[in-house]
Amino acid sequence: MPFDPNAADTTVAVIGTGTMGRGIMQVSAEGGMRVIAYDEKPGAAEAAKTYIKGMLEGQVAKGKLDAAKAKAAVDRITIAGDFAAVSTANIVVEAIIEHLSIKQELFAKLDAMCGPDTILATNTSSLLVTAIAAKCARHPERVGCMHFFNPVPLMRLVEVVPGLKTAPWVTDAMMTIGRRMTREPVLCTDSAGFIVNHAGRGIREAERVLLENIATVHEIDRILTGAPGLKLGPFALFDMVGLDISHGVHESFFQQYYAEPAFQPSTLGTLRVAGGLLGAKSGSGWYSHKDGKRVEPPLAPVPPKSDVPVWVHPSPSHADLQAPLIELLKKSGATVETGDAPSKRALRLITPIGYDVTTAIHELKLEPERTVAVDVLFGLKGPRTLMVTPATTAAMRDAAHAMLAADGQPVVVINDSPGFVAQRVIAMIVNTGCQIAQRAVASPADIDRAVVLGLGYPFGPLAWGDHISAKRVLFILERLQAYYGEPRYRPSPWLKRRAQLGLSLSAPEGRELR
């Protein structure tokens, strides 16, 4: 390795001192490395250093950081007198505008100016590292990517991405420097979206659910932040990021994967962007925003309790998931029928996994007017999802709603769909993670770690699939594909093989076993 990335005098140059650049400056200085800051805009680098000083002093005031360490970190930051000053660094990290030709021009200048042992790292989130390095005529092998996440000081993840020509020593050094910055580096191949932005495509299934009028924006977000455990619903997330950015990235991703059906953008997002409904920054997006806060509509009121008895269709394949539901119904005061068939007057309650209510009714030969479905796959933490068909009577719908809400947990009533809302969205997240593993973009462990750290999901996609069971995820996807007849839902070979073999989704490929 041409230089020791663990050396005390390791120097990081940061080009571009906006939001991302100043964050990279801060974690580099806090990691004990010297920092050279450069920005072509006069005064921008100085302003970034002042901002960092304020942030660190704020941590000192809260008792989270020693005052001497804060001062030492700030003192390690110097402002480049000119562009040439960055050439003295061991690694140059670029954090400028996300435009290929502009980055290529910058890297060509750096390649010509810096010594052969200086690493040139881009912070790109959407461009190919190999394409950026292509204009470096002298040493394309010392070009790589360190993709940080915003806000950098709070997001512990950094994706380390070598291009096709990147030398192994460069990759190793970037991993080490990432750790010195107190980030958790994950290694991935040069591909559209790397790990996190690729894995984030699965959540866009929520837009498909909305497009089909299965549930509203607010209902979808409430369901997914309930039992599945997402910290933020997809539509609230899109509003926070900005629809122009989130939808634009999705459109770009769709194009980069040559119109892969699983990544097809929603026409509803296109409409909102065209109308300037960009989310929190415009005051309206998927939600209305007032005084910087999302406006959440109230839940539908709970209907009066009914004296109708309820029969739960026994499902041996997931009797363990049905048991808490039956207990809940009994505690609600409902008369629960336990026979092989319901009485004429009873509400028919089914708990399908993967199926829609209409198909289940047809196969089970149940009366459509009296049949509803409840999602039990993720447990019964509210809001509970109650699914009905166009044939379900209002009386049966309301009776089921009252029973499910008897203990105070909220209930969301949705229209008929294979896989409810949570089943199909989480299945798509898992499947997308499996596709990333199948394409060898990253190791299973790094995929899961990157998604938990970068997206805040309760599990990485592969671990989530194991938690639900790979066989159940596979079945949900197969039902979706059979129902819609679309390649969008085709299961990943990675998922199919491991489900059929009874293996964890983290199990490596056979030739990789030691």
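User: In this predicted model, which residues of helix α20 are buried, and what puts them on the same side of the helix?

Analyst: In the predicted model, helix α20, which spans residues 493–501, has Trp-494, Leu-495, Arg-498 and Ala-499 as buried residues. They cover an arc of only 115° around the axis, and therefore they lie on the same side of α20. The face turned away from that buried side carries Gln-500 and Leu-501, which are exposed.

User: What covers the buried residues of α20?

Analyst: The cover includes four helices, namely α16 (422–438), α17 (444–455), α18 (461–468) and α19 (470–484).

User: Why is Thr-385 called buried?

Analyst: Thr-385, which is found in strand β15, has a relative accessible area of 4%, and because buried means under 20%, the residue qualifies. Its contacts, leaving aside residues up to four places away in sequence, are Ile-223, Ala-373, Val-374, Asp-375, Val-412, Ile-414 and Phe-420.

User: Why are β12 and β16 said to stand at the edges of their sheet?

Analyst: The open sheet has six strands in the order β12-β11-β13-β14-β15-β16, with mixed pairing. Strands β12 (336–337) and β16 (411–415) each have a single partner strand, so one side of each is left without a neighbour in the sheet. Helix α15 (residues 394–404) packs on this sheet, where it touches β11 (310–312), β13, β14, β15 (384–388) and β16, and its direction makes about 170° with that of β15.

User: How do you know that β13 and β14 pair?

Analyst: Three bridges join β13 (residues 347–350) to β14 (residues 371–374), and since pairing requires at least two bridges, the two strands count as paired; they run parallel. Within this pair, Ile-350 stands opposite Ala-373 in β14.

Note on methods. Residues are numbered from 1 along each chain as its sequence is written. This is a predicted model: local features need pLDDT of at least 70, side-chain atom pairs count only at pLDDT 80 or more; totals for chains, interfaces and linings use all residues. Side-chain values use heavy atoms; hydrogens and water are left out. Buried means under 20% relative accessible area, exposed over 50%, partly exposed in between (1.4 Å probe, protein chains only). The arc is that of the directions from the helix axis to the C-beta atoms. Contact means heavy atoms within 4.5 Å. Axes are lines fitted to C-alpha atoms, for helices over the stretch in contact, and angles run from 0 to 180 degrees between N-to-C directions.
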